[in-house]
Amino acid sequence: RQLLGGTVTDPILQLTFRAEKEAIDVTELRLTSSGSSAASIDRLEFSKVNFPSLFAAATIGACSGNDVPSQNPADGSSVQNFCVTLPAGTLRIAKDQRLQIIVRARMKSDAQGGISGENIQFWLTGQAVNAATSGSGSVKARGVSSSERISANDGDGDAEGELFIGRDSAGANSNIIGTLHTSVLAKISTVVNASSDSDGTAIPAGTNTIGALKFETAENTNTAGGTNMVVLDDILFTVSSTNVTLNAASFTVANAQDPTIVSSCMPLDTDGNV
């Protein structure tokens with residue numbers, strides 16, 4: 001997705017939790033950004049599927065003093081961590097049930113330090129951390145009836161009351177890696193057909209309008225140095241014809257709101273050659 005500065009994004013990550021033997025309270029969550037410092041994100045907001053209200057938020061400041069990743073172990077790139085500690089009952093998974101949560105990002109506007117073109121990708125490390133160790137691991141949990149912290153996964157094939165990350169059965173943990181997103185300060189929200197011609201409309205000889213599109217942009221609050229705007233840079237149209245001969249070199253695109261703004265098109269064949 002394109003994550004628009006100054007807004008709360010659409011879901012960027014969805015996590016499923018499952019409890020066995022007893023109800024479980026998730027007590028700590030730590031999400032790590034990969035490929036950037038995530039400077040454009042103010043905080044991560046958590047809600048439950050089908051319950052859109054916010055129940056918790058993870059921030060950079062809440063990671064202070066925690067033992068969190070300092071770089072991506074895969075390539076050594078810079079990372080940023082967002083942490084939250086959850087009071088008892090805040091994120092409770094009933095015995096033998098599943099619970100899904102959605103993660104959204106509250107983006108900074110450009111006046112708050114948001115930038116365009118920043119890669120945003122979140123992951124939860126599969127590092128197994130001892131239950132008694134504070135400030136480590138992406139997920140920590142406690143049994144509701146036992147009041148015992150869930151043990152770190154020892155990676156073998158036996159389920160022995162451990163916390164499994166990135167898998168749904170006994171075995172070694174895996175990293176949970178989200179989709180790659182990009183921060184923007186303006187973006188197109190919709191592109192729709194704006195032509196009034198019906199299918200089968202005749203094309204007379206000469207120069208004619210054969211299509212029309214309407215582009216709409218999302219409102220934004222990124223006004224530092226002037227409101228950010230979308231600029232159409234490249235557009236690729238695919239045109240097919242039957243029983244009509246078209247002069248490929250004659251195609252142009254015009255701005256319907258200002259017909260003096262016209263740009264000639266470069267014709268390409270189906271292999272992409274000029």
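**Entry 1: E45**

Which residues does E45 touch, not counting residues up to four places away in sequence? I looked that up before anything else. The model is a predicted one, so I'm reading a prediction here. My list for E45 came out as V8, L54, A56, A57, I102, V103, R104 and R106.

Next I checked where E45 sits, and the answer is strand β4. Is E45 buried or exposed? Its relative accessible area is 9%, and the cut-off for buried is under 20%, so E45 counts as buried.

One joins E45 to the side chain of R43 at 3.3 Å. Another joins E45 to the side chain of R106, at 2.7 Å. R106 also turned up in my list of residues that E45 touches.

**Entry 2: the nonpolar core**

I moved on to the largest nonpolar core, which has 34 residues. F17, L29, L31, I41, L44, F46 and F122 have the most contacts inside it. Which strands each supply at least two residues of this core? I noted β2 (13-18), β3 (24-34), β4 (41-48), β5 (51-58), β6 (79-85), β8 (98-107), β10 (122-124) and β11 (139-143). The strand that gives the most is β8, with five residues.

A reminder to myself: nonpolar side chains tend to be buried together in soluble globular proteins.

Leaving aside neighbours within four places in sequence, L29 is in contact with F17, F46, F82, C83, V84, L86, L91, I101, S138 and V139. Two of those names, F17 and F46, were already in my notes as residues with the most contacts inside the core.

**Entry 3: salt bridges**

How many salt bridges does a search of the whole structure find? It finds eleven. I wrote up a few of them.

R1 pairs with D10, and their closest N and O atoms are 3.5 Å apart. D10 is partly exposed, at 44% relative accessibility.

D168 pairs with R98, with 2.9 Å between the closest N and O atoms. Why does this pair tie together parts that are 70 residues apart in sequence? Because D168 lies in the loop between β13 (162-163) and β14 (176-177), while R98 is in strand β8. D168 is partly exposed with a relative accessible area of 40%, whereas R98 counts as exposed at 51%.

K214 and E216 meet through their side chains in another salt bridge, 3.4 Å from N to O. Both are partly exposed: K214 has 42% relative accessibility, and E216 has 34%.

**Entry 4: an open sheet**

Last stop was a sheet. Three strands form an open sheet in the order β1-β15-β9, with mixed pairing. Which are the edge strands? They are β1 (2-4) and β9 (119-120), and each pairs on one side only.

For background, I jotted down that strands of a sheet pair through backbone hydrogen bonds, either parallel or antiparallel.

I followed β9 to its partner. Two bridges join β9 to β15 (residues 181-184), and the two strands run antiparallel. Across that pairing, N119 stands opposite T182 in β15.

Definitions and conventions
Residues are numbered from 1 along each chain as its sequence is written. This is a predicted model: local features need pLDDT of at least 70, side-chain atom pairs count only at pLDDT 80 or more; totals for chains, interfaces and linings use all residues. Side-chain values use heavy atoms; hydrogens and water are left out. A nonpolar core is a set of buried Ala, Val, Leu, Ile, Met, Phe, Trp, Tyr and Cys residues joined through side-chain atoms within 4.5 Å. Buried means under 20% relative accessible area, exposed over 50%, partly exposed in between (1.4 Å probe, protein chains only). Helices (H or I, at least four residues) and strands (E, at least two) are DSSP runs, numbered from the N terminus. Contact means heavy atoms within 4.5 Å. A polar contact is a pair of N or O atoms within 3.5 Å; within protein, one must be able to donate a hydrogen and the other to accept it, and residues adjacent in sequence count only if both atoms are side-chain atoms. A salt bridge is a side-chain nitrogen of Lys or Arg within 4 Å of a carboxyl oxygen of Asp or Glu. Two strands pair if DSSP finds at least two bridges between them.
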